[in-house]
Amino acid sequence: MIDSLHIGNFRCFEKLELRGLKRVNVVTGDNGSGKTALLEALHIGTRGTPESVIQLNRIRGLPNPSDVPFPFQLAMGGITAASFRDIWLHLFRDENQHISIKYTDQNKRTWNLEIYFSTDEATSAPLLGQNERQGESVRPIIFDRRDNAGKTSKLTGSVNPQGHLAFRPAGPFGPPSFPFMSMTPPSTADAISWFSDLRMSGRSEEVVQFIREEFPFISNIEVLAPGGAQQGIYATLTSGGARSLSLISAGLQKLFSVVVALADAKKGIVLIDEIENGIFYEKYASTWATLYNLSKKTDSQLFVSSHSSECLEALLPTLNIDNNADDFCLLRTERENGKCSVRHISGASMKAALKRGGELRGAALDQKTQAHN
């Protein structure tokens, strides 16, 4: 698990230092104060690849030139230097400085990632279609990695002569991370893969049992391909027959995907943005309890954001179990004078505030947390 985190020059964060991160890290804060940026920095920092940025761009709905079919790239003149820069530029608070993401685990092992535009090399943009741009050059993006063993590697992203994005394939940089962002539904293909892993290893029953308890009209979960169609996740109904999860409920599909990812995480990091979206309030408490129990079983770590007071209040029963408040902390993002920061609040203070009916999401908490931190 990540114990401390440094972020520099990433989106709204000029410099951020966080220590004392826990198994369950609850993220709150106003719009535009850095909640999603924090989660995305964790994902990019643990993956350490250009592809991780492409993945998050798709989730955010940002344009990716590589997603445009090749004939249309020809018509537009290919991936230009400007469109290439747009893929990455939104990551930087200041494009003339390096992004730095550094994290240390509980065993004091450290990983370092720097991201920057190359200044000593450039490649010519391809001359495609009718809009040739002679002399235009592309400054490659560099992902400079140093892992916990001190091994260094540089991954470069650029544009090849055919006008496509070009990367050298590479594996994850640190622990596996699983992002669930609020802007897009969970990936069915990923859920199928995770659930199949659990079924093959005989570890799927806890996930299925959680779904049965939350949705009593469901008796089982299966991966099916009816009529030779593409595989999907299906629920067997107590009334008979089976239905795709996505057709029964978007909230059901989200809950299943998050829980199955965590069950398969194996010392990974699960990042959940706005957990309350699509979930009925009566299911908040059992969802927190299941996520916490699974994170302990798989020795994984959770970073979970929420805007909902009701959802945060539903965490109290889990905090009351076995005096486990030390497994939790609250990370409250704040913006002041154009700069974003994150306030770390202990699990004990968070628990005490919830018992008093206090507000976790804003400044009202400050006056009552000093004695507990």
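This is a predicted model: local features need pLDDT of at least 70, side-chain atom pairs count only at pLDDT 80 or more; totals for chains, interfaces and linings use all residues.
**Pockets, a cavity and a helix pair**

User: How many cavities of 30 Å³ or more does the count come to?

Analyst: The count comes to one cavity of 30 Å³ or more, and its lining is made up of K254, L255, V258, V259, I272, I275, I279, T287 and L291.

User: Which elements give two or more residues to that lining?

Analyst: Those elements are α8 and α9, the latter spanning 284-297, and α8 gives the most, with four residues. By class, the lining of the largest cavity has seven nonpolar residues, together with one polar and one charged.

User: OK, switching to open space: how much lies in the largest pocket?

Analyst: The largest pocket has about 570 Å³ of space, and 30 residues line it, with P179, F180, P185, P186 and S187 lying nearest its centre.

User: And which elements supply at least two residues of its lining?

Analyst: The lining of the largest pocket draws at least two residues from each of α1 (35-47), α2 (50-60), β11 (177-180), α5 (188-200) and α8 (250-263), and α8 gives the most to this lining, with five residues.

User: How do the residues of that lining divide into nonpolar, polar and charged?

Analyst: For the largest pocket, the division is 11 nonpolar, 13 polar and six charged.

User: What about the second largest pocket, how much space is there?

Analyst: About 240 Å³ of space lies in the second largest pocket, which is lined by 16 residues, and M1, D105, R109, P175 and K267 are the closest to its centre. The residues of that lining divide into six nonpolar, six polar and four charged.

User: Back to α8. At what angle do α6 and α8 pack?

Analyst: Helix α6, residues 205-214, packs with α8 at an angle of about 155°, and their axes are 10 Å apart. Since angles over 145 degrees count as roughly antiparallel, that makes α6 roughly antiparallel to α8.

User: Is the crossing of α6 and α8 left-handed or right-handed?

Analyst: The crossing of α6 and α8 is right-handed.

User: Which residues meet there?

Analyst: From α6, the residues V207, F210 and I211 meet L252, L255, F256, V259, V260 and A263 of α8. The residues of this contact divide into nine nonpolar, no polar and no charged.

User: Where else do L255 and V259 turn up?

Analyst: Both L255 and V259 are among the residues that line the largest cavity, and in α8 they also take part in the contact with α6.

Terms used. Residues are numbered from 1 along each chain as its sequence is written. Side-chain values use heavy atoms; hydrogens and water are left out. On a 1 Å grid over the protein atoms alone, a cavity is a set of points where a 1.4 Å probe fits but cannot get out, and a pocket is an open set with protein on both sides within 12 Å along at least five of seven lines; lining residues have an atom within 4 Å of a point. Grid points are joined across faces, edges and corners, and a volume is the space filled by probe spheres set on the points. Ala, Val, Leu, Ile, Met, Phe, Trp, Tyr, Cys and Pro count as nonpolar, Asp, Glu, Lys and Arg as charged, and the others, Gly among them, as polar. Axes are lines fitted to C-alpha atoms, for helices over the stretch in contact, and angles run from 0 to 180 degrees between N-to-C directions. Angles under 35 degrees count as roughly parallel, over 145 as roughly antiparallel, 65 to 115 as roughly perpendicular and the rest as oblique. A crossing is left-handed if the near helix is turned anticlockwise from the far one by less than a right angle, and right-handed if clockwise. Contact means heavy atoms within 4.5 Å.
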